[in-house]
Amino acid sequence: MAIEQLRPVFHITGGNGWINDPNGLVKFNGEYHVFYQYYAEATYWGPMHWGHVKSKDLTHWERLPVAIRPDEQDDGCFSGSAIVHNGKLWLLYTSYKKNDGGVSERQLQALASSDDGIHFFKHGIVIGEDDLPEGYCPWSFRDPKVLRVNGVFYCFVAAKLREGTGRILLYKSTDLFRWEFVCAVTGESGGKMIECPDYCTQLGLLTYSEQFQPHEGKTHLNIHSSFAHFGFTDFEKPFVPDSKRQIIDYGFDFYASQTFADEPIMIGWLGMWDRNYPCAKYGFAGMLTVPRRLRRQGDELLQTPVYAAEKVCEKAVNGRLTDSISVGAIRLDIKDLRAFDLKMRKSDDGFARFTLSDSEWIFDRSRAGARIVGVEEDDDSLAGIRRMPYRSAETVTVEIVFDLFSAEIFVNGKALSATLYPEPSADGLDLEIDCSSCTYSRYEIAKS
Ligand code: FRU
């Protein structure tokens, strides 16, 4: 394959060009549909379209035509969600109008529908400026997440107070066209603006992303971060959390996640604002995470990656193991873990490294190919490091999903994800482990 055609093998991209947030995650006529923020003309953000793929197994994705695009109605189709109703597929998205002479920027919620799940008709604005409660800005009002509870449609939308920060607002409707404001679901955000609220009814899980967050400790360093909160809303009153707020993913690259309508499976943007994208040299920038099945255990949100794969190797290991992998997955089922040092995507030029220190996992991508820089200026970010707490347990399961330009690490359900840009041929794996027992398995992605 020519170098300029290199793409992730089973992670969703736009083909060519730029993508950011996943949008409209929904199952329609037995197939999973995923849309995403897309600009085909460049490897940087531009007028937003909704790119579109579908899949039967959440691993092999078929590219479909762009679903919605800017036209006389809007200058960009920002993030949103999807729902099936009366046999049709409906998209609720943010219609963005740029600052145009005397009229300042507007972000309002619009509707589109499709009979076949491929061709969409735009119906125009359905939650407009007049539907915003007093004190909120119509230029920071976006990312509607629609759901249906007991036959009524509800919609969470991110908004911003004129004199304040972000909040999530709740609307309701009986027909998707006429919406009524219910209440502000959350208090003010820590960051400057909330983005991409999502509510998973099966788990009572509210997730959202926040822009320009003050960093906390060493495990929350991304200036734009995504959080999860379990709790309760009866859709008439604000959300009442019943768990601590937690970071969804401890890695460098995770933002704007969304769950499928009616299924606790989440996909995020495996990327981040304000970073360089070394894959631009291959003609694309941005990809989505592997789908992750979510569950709750006590206070904790746990994630299991979903991919169709075949086990191609299984062996007991204690001490040293070497293997090769650049696309696929590995899994380690470990008893009484005492020491762990894993080098991945190894070549003569470098590697990424995942190690256990006393109380935390440390991921280091500083020697794993092209350098990625962001706006974060703390020591870890400058050194290419991210950390995840280590909770000592009798059994530790480490699962790592590899694609040509990423590694997503799951340890007992906690996630740390990163883009990586080593040479595509860098496939060395080198593990040193001390434990009472460990089974190592390697998986190849199933042929479609
Ligand atoms: C989040 C976001 C959304 C917005 C979209 C624009 O990453 O900023 O709030 O709708 O990206 O592409």
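1. Basis. This is a predicted model: local features need pLDDT of at least 70, side-chain atom pairs count only at pLDDT 80 or more, and totals for chains, interfaces and linings use all residues. Residues are numbered from 1 along each chain as its sequence is written, and side-chain values use heavy atoms, with hydrogens and water left out.

2. Strand 11 (residues 166-173) and strand 12 (residues 180-184) run antiparallel and are joined by four bridges. Two strands pair if DSSP finds at least two bridges between them. Strands (E, at least two residues) and helices (H or I, at least four) are DSSP runs, numbered from the N terminus. Lysine 172 has glutamate 180 of strand 12 as its bridge partner. Six residues separate the two strands of the hairpin. In the turn, leucine 176 has a positive phi of about 75°.

3. Salt bridges overall. The structure holds 34 of them. The criterion is a side-chain nitrogen of Lys or Arg within 4 Å of a carboxyl oxygen of Asp or Glu.

4. Glutamate 129 and arginine 106. These two form a salt bridge, with the closest N and O atoms 2.6 Å apart. The pair links distant parts of the chain, 23 residues apart: glutamate 129 is in the loop between strand 8 (121-127) and strand 9 (136-149), and arginine 106 is in strand 7 (residues 106-114). For burial, the cut-offs are under 20% relative accessible area for buried, over 50% for exposed, and partly exposed in between (1.4 Å probe, protein chains only). Glutamate 129 is partly exposed at 35%. Arginine 106 is buried at 17%.

5. Lysine 414 and glutamate 300. Their side chains meet in a salt bridge at 2.7 Å, N to O. Lysine 414 lies in strand 32 (residues 414-419) and glutamate 300 in strand 22 (residues 300-305), so the pair ties together parts that are 114 residues apart in sequence. Both ends are classed as buried: lysine 414 at 8%, glutamate 300 at 16%.

6. Aspartate 380 and lysine 218. This salt bridge has its closest N and O atoms 3.7 Å apart. Aspartate 380 lies in helix 1 (residues 379-383) and lysine 218 in the loop between strand 14 (205-211) and strand 15 (225-232), so the pair ties together parts 162 residues apart in sequence. Aspartate 380 is buried, at 4% relative accessible area. Lysine 218 is partly exposed, at 44%.

7. A network. Salt bridges link Lys218, Glu360, Asp380 and Arg387 in a network.
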